[in-house]
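Me: I would like to learn how the labels used for a structure follow from their cut-offs. Could we go through them one at a time?
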Amino acid sequence: MVGAPRLRNRRGEPIDPVPFLVTAGLTFTLVFSFGPLYGLAYGLSLPVALAASAGGFAGVAWLAYRQLVRSAPPADAGTLPVGLRFERLLYAGVGLGIVFVALTLPLL
């Protein structure tokens, strides 16, 4: 029986695909929930707003792929140090906060 193909980093080592899949899924949900609505609010037609949302999703998914797949350590490398994990979590929280503030600006 043949197993499922594993994602590999740029060194050819297998990696855990879950962080990339979660990031891409959440990005898809957020971009296609808010993107077309804000596009329409700014006067874009629906096809243009959907195309802009698709472009935004593709850009973020590409960045997530580079960070979480191509540059990832191998799955058997062990856990990251606590300080590095906290720093990444802090930056992700700040980035998400900036996105949410940017989403509320048109409502003011």
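Me: Why does Phe-20 count as buried?

Reply: This is a predicted model, in which local features need pLDDT of at least 70 and side-chain atom pairs count only at pLDDT 80 or more, while totals for chains, interfaces and linings use all residues. Residues are numbered from 1 along each chain as its sequence is written, and side-chain values use heavy atoms, with hydrogens and water left out. Buried means under 20% relative accessible area, exposed means over 50%, and partly exposed lies in between, with a 1.4 Å probe and protein chains only. Phe-20 has a relative accessibility of 15%, so Phe-20 counts as buried.

Me: What makes Tyr-42 exposed?

Reply: Tyr-42 has a relative accessible area of 60%, and this value is over 50%, so the residue is exposed. Tyr-42 lies in the loop between α1 and α2, where helices are DSSP runs (H or I, at least four residues), as strands are (E, at least two), numbered from the N terminus. From Tyr-42 to Arg-70 there are 28 residues in sequence and 36 Å in space, C-alpha to C-alpha.

Me: How do you know that the span of α1 agrees with what a helix should have?

Reply: The expected span of a helix is 1.5 Å times one less than its number of residues. For the 24 residues of α1 this should give 34 Å, and the end C-alpha atoms of α1 are 34 Å apart, so the two values agree. Just after α1, Gly-43 has a positive phi of about 95°.

Me: Which residues of α1 are buried, and what do they pack against?

Reply: The buried residues of α1 are Phe-20, Ala-24, Thr-27, Pro-36, Tyr-38 and Gly-39, and they pack against α2 and α3 (82-104). Thr-27, for instance, has a relative accessible area of 12%, which is under 20%, so this residue is buried. Apart from neighbours within four places in sequence, Thr-27 is in contact (heavy atoms within 4.5 Å) with Phe-57 and Val-60.

Me: Which residues make up the largest nonpolar core?

Reply: A nonpolar core is a set of buried Ala, Val, Leu, Ile, Met, Phe, Trp, Tyr and Cys residues joined through side-chain atoms within 4.5 Å. The largest one here has 6 residues, namely Ile-15, Phe-20, Ala-24, Ala-64, Val-69 and Ala-72. The elements giving two or more residues to this core are α1 (18-41) and α2 (46-70). Val-69, leaving aside neighbours within four places in sequence, is in contact with Leu-7, Arg-8, Asn-9, Ile-15, Phe-20 and Ala-64.

Me: Why is Ala-72 called buried?

Reply: The relative accessible area of Ala-72 is 9%, and this is under 20%, so Ala-72 is buried. Ala-72 is found in the loop between α2 and α3, and, not counting residues up to four places away in sequence, Ala-72 touches Asn-9, Arg-11, Ile-15 and Gln-67.

Me: What makes the pair of Arg-11 and Glu-13 a salt bridge?

Reply: A salt bridge is a side-chain nitrogen of Lys or Arg within 4 Å of a carboxyl oxygen of Asp or Glu. The side chains of Arg-11 and Glu-13 meet at 3.3 Å, N to O, which is within 4 Å, so they form a salt bridge. A search of the whole structure finds 1 salt bridge. Arg-11, at 49% relative accessibility, counts as partly exposed, and Glu-13, at 27%, counts as partly exposed too.

Me: Why is the pair of Phe-20 and Tyr-65 called edge-to-face?

Reply: The structure holds 4 aromatic pairs. Rings of Phe, Tyr and Trp (its six-membered ring) pair if their centres lie within 6.5 Å, and planes under 30 degrees apart count as stacked, over 60 as edge-to-face and the rest as tilted. The ring centres of Phe-20 and Tyr-65 are 5.8 Å apart and their planes are at 75°, so the pair is edge-to-face. Phe-20 in helix α1 and Tyr-65 in helix α2 are 45 residues apart, and the pair links distant parts of the chain.
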